[in-house]
Amino acid sequence: MATSTQIHTRVLKCDPSSITFPISSDGADPPPKIDDPETLESLTVAARHITNGEPIAFPTETVYGLGALALKTEAAARIFSTKGRPADNPLIVHVSSLSMLRQLLPVDYIIPPMYEILMRRFWPGPLTLLFPSSPSIVPSIITAGQPTVAIRMPSHPVARALIALADAPIAAPSANSSGKPSPTRAEHVARDLGGKLEVILDGGRCEVGLESTVVDGLRDDGNLRVLRPGGVTVEDMQNVLDEEIESKETRPAVLVHRRDFQDAAMEKAPTTPGMKYRHYSPSVPVTLLHTSSSTSPPPAHASVVSATEFFASLGSSAPVPHPIITKIGLLVPSDSQLLRFAQDRESIEWVLYPLGAVADPAMTAQRLFDGLLTLDEKGVDMILVEEIGEEKEGLAVMNRVRKAAGESKWIAL
Ligand code: TXA
Ligand code: MG
C-alpha cells in the first residue's frame, strides 16, 4: 500500500570489487561470492526488503534503479507509487542469469539467433531486448498490457548480486521521480527519493551514466529497431552483426527510431521510450545550444545568432550598483568554443560543469545527468547545454538532451 508517511531511508555501502560470479560447469547458477563483510550485509538487507515486496534503490552500470519483485503485482505497484510513474509506461525486468531469463519466456519460445548473438556479446551489460510476453508469467502491470516484455541482464556486480540473492527477477526503472534526470550516484537518489524507501545501496558512480539501449528485434522484417539509444551504441551492435553474420543478405540492419524509421502507431504508444511523458527535466529551464551546423543544420524557421549576440542577451539589464545576479549553469565540453564567450559580467554568475572532451562522447554520457542534477542542486536559474555530434554515445546523449531542453537556439561561432 502506498502511504505518505516518511520512511527513514538507510544508505548502505557496497564495494563492487568485492563481488565475483563463479562459473559452474553443470549449468547451475552458483551464488555470487562476496568477500567484503559490509557489502555482504548491505546486499543481504536489501535482498530481504525485495523478497518482502518492498522497493529499494540499487546501482547498475547505467543509472541507479528502483527495484522490486517483477512477478508480484503488489510489489511492482510500489515502484509506480514511489516514483509517481504513469501506469501505462512499462518496466524493464532485470535478470542475473540466462536460466532466470528462460523462466520469464513462454515455454515453447525459441530465442532468435540474432538475440543469441546480442546476448552473448553484450550481456551482462546495458542492452535491453524485447521478448514476447505471456500474461500468465509476467503480470500486466510490468508490460502495461503490451504483448512484449523488456528484459536485460545488468553487468554491475551489485545489481547482479542483488538479483541473485533475491533469487527472482527485479523490475526497475531509473530511481528518480517521474520526469527528472536519472540518478547516477546514490546521493542523487537520496535527495530525490529519500524518505520514500527503506534502503539505497551505494555502489559509487555509474560508469555508463545513461540508460540501456532498448531494442526490438521481433518485427517480421528481421531488422533491429532501436527504440531508445543508450549504453550499447548502434555502431557496436552493427559491428558485432557484421562480424558474426557473414552473408549481407541475412544480416539485419540496425534502425534507429526517428532517424531511420518512423512509426505513427509507436509514437503515440506510451511503450515507446520517452515519447509521451516529460523527461529528464531539472527544476530549472534547460536551453540546448546548437553550435555545429554540420550535425544539425538549423530548421527553416530557426534564426541563427552569433555567439557574442547570444551571450550578450543573457542576464538582467538592471542598473549596475544593484544588478540582479543570474546564475547560469554551463554544461558544455571541456574544450568548448563557447567558453570564451562566457565572460565576467556584473549580472551573471557562471557555474561550469564540463562534460569531458568533444572527442570523448562516452565521458559526456557518463557526466550528463550528474551535470544536470549538480547544477540544479547549486541553485542555477537556467542551464545551457551544448550539442555534441550524434556518433557513438553521442546519439544517446543528444536523445536525452533534446528531451531535457525546453528550447533550442542556433549559435554561429
Ligand atoms: O538502464 C536502464 O535501462 C535503467 C536501469 C535501472 O536498468 N532502467 C530504465 O528504466 O531506464 P526506465 O523505466 O526509466 O525506462 C525503461 C524504458 C521506458 O521508456 C519504457 O517505455 C521502455 O523501456 N519499455 C519497457 N517495456 C517496454 C516494452 N514492452 N516495449 C517497449 N518499450 C518498453
Ligand atoms: Mg527513467
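The buried residues of α12 are G394, L395, A396, V397, M398, N399, R400, V401 and A404. This is a predicted model, in which local features need pLDDT of at least 70 and side-chain atom pairs count only at pLDDT 80 or more, while totals for chains, interfaces and linings use all residues. Residues are numbered from 1 along each chain as its sequence is written.

User: How many of the 12 residues of α12 are buried?
Analyst: Helices are DSSP runs of H or I with at least four residues, strands are E runs of at least two, and both are numbered from the N terminus. Buried means under 20% relative accessible area, exposed over 50%, and partly exposed in between (1.4 Å probe, protein chains only). Helix α12 is largely enclosed by the rest of the structure, because its buried residues number nine.

User: Which residue of β8 does L129 stand opposite?
Analyst: Two strands pair if DSSP finds at least two bridges between them. Strand β7 (residues 127-132) pairs with β8 in the antiparallel sense over four bridges. Within β8, the residue opposite L129 is I151.

User: What separates the C-alpha atoms of G315 and K327?
Analyst: G315 lies in the loop between α10 (307-312) and β16 (326-331). Leaving out residues up to four places away in sequence, G315 touches T326, R345, S347 and I348, where contact means heavy atoms within 4.5 Å. G315 and K327 are 12 residues apart along the chain, and their C-alpha atoms are separated by 8.3 Å.

Note on methods:
Chains lettered and ligands numbered in written order. Heavy atoms only, no water.
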